[in-house]
Amino acid sequence: MADLKKLAEEIVGLTLLEAQELKTILKDEYGIEPAAGGAVMMAGPAGDAGGAAAEEQTEFDVILKAAGASKINVIKEVRALTGLGLKEAKELVEAGGKAVKEGVSKDEAEEVKGKLEAAGAEVELK
């Protein structure tokens, strides 16, 4: 039981960037993806790919492709949108190709994209 308490304390102490990385590892390596309500769901078998393609996409990822000429403005905007610290936001912006927001609605994704593009970034929605 003490090991579980220690693990819980370590998870609570993660920075936003570390928590995002943990989410990616759980999703990619183990097929575990957090649900919208915060509970953990297991990814099921692929099933009917044709039916899934016919459904309209409801969740979008906002990917920062490049910071552009105004990197400082983009870092400020990323900090405002994500709540990351200066160091984490700078690393995210400099890495390029990273998700700023994941699993958001189309409206929110468009809003985030607009703000980042206004700051000078090159952004993609997936």
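Buried means under 20% relative accessible area, exposed over 50% and partly exposed in between, computed with a 1.4 Å probe on protein chains only. With those cut-offs in hand, welcome to the close-up views. The model is predicted, so to speak of local features takes pLDDT of at least 70 and side-chain atom pairs count only at pLDDT 80 or more, while totals for chains, interfaces and linings use all residues. Residues are numbered from 1 along each chain as its sequence is written, and side-chain values use heavy atoms, leaving out hydrogens and water.

**View 1. The whole chain, to get your bearings.** Six helices and five strands make up the chain. Helices (H or I, at least four residues) and strands (E, at least two) are DSSP runs, numbered from the N terminus. Read from the N terminus, the elements follow the order α-α-β-β-α-β-α-α-β-α-β. Of the 126 residues, 20% count as buried. Contact here means heavy atoms within 4.5 Å; among contacts between residues at least 6 apart in sequence, 63% join residues at least 24 apart.

**View 2. An open sheet of three strands, in the order β4-β3-β5.** The pairing in this sheet is antiparallel, and two strands pair if DSSP finds at least two bridges between them. At the edges are β4 (98-104) and β5 (122-125), each pairing on one side only. On average, neighbouring strands are turned by 20° against each other, direction ignored. As a reminder, strands of a sheet pair through backbone hydrogen bonds, either parallel or antiparallel.

**View 3. Strand β3 and its two partners.** Strand β3 covers residues 60-66 and pairs with β4 in the antiparallel sense over four bridges. Look for Ile63, whose bridge partner in β4 is Ala99, and for Leu64, which stands opposite Lys98 in β4. The pairing of β3 with β5 is also antiparallel, over four bridges. There, Ala66 stands opposite Glu122 of β5.

**View 4. Helix α4 beside helix α6.** The axes of α4 (residues 71-82) and α6 (residues 106-118) come within 9 Å and cross at roughly 155°. Axes are lines fitted to C-alpha atoms, for helices over the stretch in contact, and angles run from 0 to 180 degrees between N-to-C directions. Angles under 35 degrees count as roughly parallel, over 145 as roughly antiparallel, 65 to 115 as roughly perpendicular and the rest as oblique. The crossing angle therefore makes α4 roughly antiparallel to α6. Glu77, Val78 and Leu81 of α4 meet Val112, Lys115 and Leu116 of α6. By class, this contact has four nonpolar, no polar and two charged residues. Ala, Val, Leu, Ile, Met, Phe, Trp, Tyr, Cys and Pro count as nonpolar, Asp, Glu, Lys and Arg as charged, and the others, Gly among them, as polar.

**View 5. Helix α5, between sheet and helix α4.** Helix α5 (residues 86-95) lies across β3 and β4, running at about 100° to β4. With α4, helix α5 packs at an angle of about 120°, the axes being 9 Å apart; the two helices are therefore oblique to each other. Among the residues in this contact are Val74 and Val78 of α4, along with Leu86 and Val93 of α5. The contact divides into seven nonpolar, no polar and four charged residues.

View 6. Lys90 lies in helix α5. At 38% relative accessibility, Lys90 counts as partly exposed. Lys90 and Lys71 are 19 residues apart in sequence and 8.7 Å apart in space, C-alpha to C-alpha.
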